[in-house]
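Please look through the structure below before reading the notes.

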Amino acid sequence: MSQGDKNFATSQQILSRESNKNSLNFRRVFGLNDLTERLTKPFVLGTIFVLSKFNRHFIFTMIYQKTLAQSVETSGIGLHTGVKVNLRLKPAPPNNGFIFVRTDLDNFEIPASLEYISHCSYATTLLRKGVVLSTVEHVLSALRGAGVDNCFIEIDNLEIPILDGSSEIFLELIDKAGTIEQEVARKFLQIKEKVEFEQADRKMTIEPSDKFEIDCLIEFSHPFINRQTFQFVLENDSFGREIASARTFGFTTEIEMLRKANLALGGSLDNAIVLTPEGMLNENPLRFQNEFVRHKILDIIGDLTLVGMPILGKITAEKSGHAVHASLMSRLLKTETAWEIVEVKG
Ligand SMILES: [Zn+2]
């Protein structure tokens with residue numbers, strides 16, 4: 001881990017200021033903690049207090065980290081590899097984050113972290129010490145969407161099962177397990193400055209917000225898609241209502257090329273929307289008229305878990321994909337003035 005230019009002190013250095021929004025008081029604590037040691041540069045840790053006035057008293061309710069109440073499991077096949085795989089979600093201690101465990105390789109661990117991204121063509125693949133783990137984004141999206149902070153994700157093969165092509169079954173598993181609060185405050189990556197990444201007509205920005213929100217636009221010259229936009233705010237059960245069931249999609253015109261590249265080997269009408277030039281092969285209807293852009297948001301939420309903690313910021317994505325998501329995260333974390341780590345009391 002490299003040390004940057006910021007000065008760190010073991011004692012707390014406290015600053016307070018009134019925000020012009022929501023009467024926030026900020027307390028910044030400069031220092032490192034064990035969560036941040038997973039990342040490649042030092043962070044600033046702070047606390048936000050959201051004041052609630054009740055009977056002349058200020059009430060503080062700490063937002064605590066959460067994990068699963070019990071283990072849950074499922075099985076399926078990998079979308080790209082076609083291999084059969086068993087998956088188990090297990091409770092994990094505070095500040096653990098999400099860690100994949102390859103039970104077929106002596107419980108080799110691959111933390112869900114930006115530093116292990118290997119490649120991003122058609123899915124996000126992690127690589128650590130030669131061990132590969134593919135298509136991590138849908139299960140990570142479900143965990144973040146459900147408000148889980150810490151979880152071990154055990155699998156016994158090299159790709160997360162695609163299930164029905166969405167995050168719905170992962171979310172049902174998490175609901176079945178239940179969640180419990182842990183006695184450690186949740187840490188957020190709060191965005192302080194706008195950061196953007198642009199590549200040809202693909203563009204993605206992240207800017208300050210007191211929520212986690214995503215504005216997304218996609219454009220494909222297909223009669224079912226054309227231009228679709230959706231605005232999403234992660235709050236309460238919005239992920240389950242608006243995003244979780246949106247399925248991945250592909251085009252028949254791409255399938256031959258994908259299969260030649262050893263991709264989409266497990267793809268079928270059970271786990272993807274398959275679009276022909278004029279329509280789709282699936283007999284069942286779309287789950288939303290704009291299911292495609294909703295799935296893009298599902299992927300963004302999943303990919304952005306790789307920064308290591310929930311984000312307070314607004315993302316705007318135009319025609320983005322896994323590689324753009326990774327590039328934006330990388331640029332964000334390298335821009336030290338653009339973020340700080342905070343704890344929120346609401
Ligand atoms: Zn996806």
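The loop between strand S12 and helix H1 (137–145) holds Thr135. The model is a predicted one, and in it the phi of Thr135 is near 60 degrees, a positive value in a residue other than glycine. Most residues other than glycine have a negative phi.

**Loop residues**

- Thr135 has 24 C-beta neighbours inside 10 Å, and therefore counts as buried, the cut-off being 20 or more.
- Lys129 sits in the loop between S11 and S12, and this residue, which is not a glycine, also has a positive phi, of about 50 degrees.
- Is Lys129 buried or exposed? Lys129 counts as exposed because it has 7 C-beta neighbours inside 10 Å, and the limit for an exposed residue is 12 or fewer.
- Pro310 belongs to the loop between H5 and strand S22 (311–318).
- Pro310 counts as buried, because 21 C-beta neighbours lie inside 10 Å.
- Apart from neighbours within four places in sequence, Pro310 is in contact with Arg144, Arg186, Phe188 and Phe212.
- The C-alpha atoms of Pro310 and Gly147 are separated by 8.8 Å, while the two residues are 163 residues apart along the chain.

**The sheet of 3 strands**

- This open sheet has the strand order S10-S11-S12, and its pairing is antiparallel.
- Strand S10 (117–119) and strand S12 (131–133) are the edge strands, each pairing on one side only.
- From one strand to the next, the twist averages 40 degrees.
- S10 and strand S11 (residues 125–128) run antiparallel and are joined by 2 bridges.
- Which residue in S11 is the bridge partner of His119? The partner is Thr125.

**The sheet of 5 strands**

- A second open sheet has the order S6-S7-S13-S8-S9, with mixed pairing.
- Strand S6 (72–77) and strand S9 (108–111) stand at its edges with a single partner strand each, so one side of each has no neighbour in the sheet.
- Neighbouring strands here are turned by 25 degrees against each other on average, direction ignored.
- Strands of a sheet pair through backbone hydrogen bonds, either parallel or antiparallel.
- S6 and strand S7 (residues 84–91) pair in the antiparallel sense, over 6 bridges.
- Glu73 has Arg88 in S7 as its bridge partner.
- Helix H2 (residues 168–177) lies across S6 and S7, and runs at about 165 degrees to S6.

**The nonpolar core**

- The largest nonpolar core has 84 residues, of which Leu143, Cys151, Ile153, Ile174 and Ile297 touch the most other members.
- Helix H5 (residues 291–304) gives the most to this core, with 7 residues.
- Why does the core lie between domain 1 (66–184) and domain 2 (194–335)? The core lies between them because both domains give residues to it.
- Leu143 touches Phe98, Val148, Cys151 and Ile174, when residues up to four places away in sequence are not counted.

**The protein in totals**

- The protein has 6 helices and 23 strands.
- Of its 346 residues, 42% are buried.
- Among contacts with a separation of 6 or more, 72% are between residues 24 or more positions apart.

Terms used
Residues numbered from 1 in each chain as written. Predicted model: local features only at pLDDT ≥ 70, side-chain atom pairs only at ≥ 80, totals over all residues. Helix = DSSP H or I, 4+ residues; strand = E, 2+ residues; numbered from the N terminus. Contact = placed C-beta atoms within 7 Å. Core = buried A, V, L, I, M, F, W, Y, C linked by C-beta atoms within 7 Å. Domains from an automatic or database assignment. Pairing = 2+ DSSP bridges. Axes fitted to C-alpha atoms, helices over the stretch in contact; angles between N-to-C directions.
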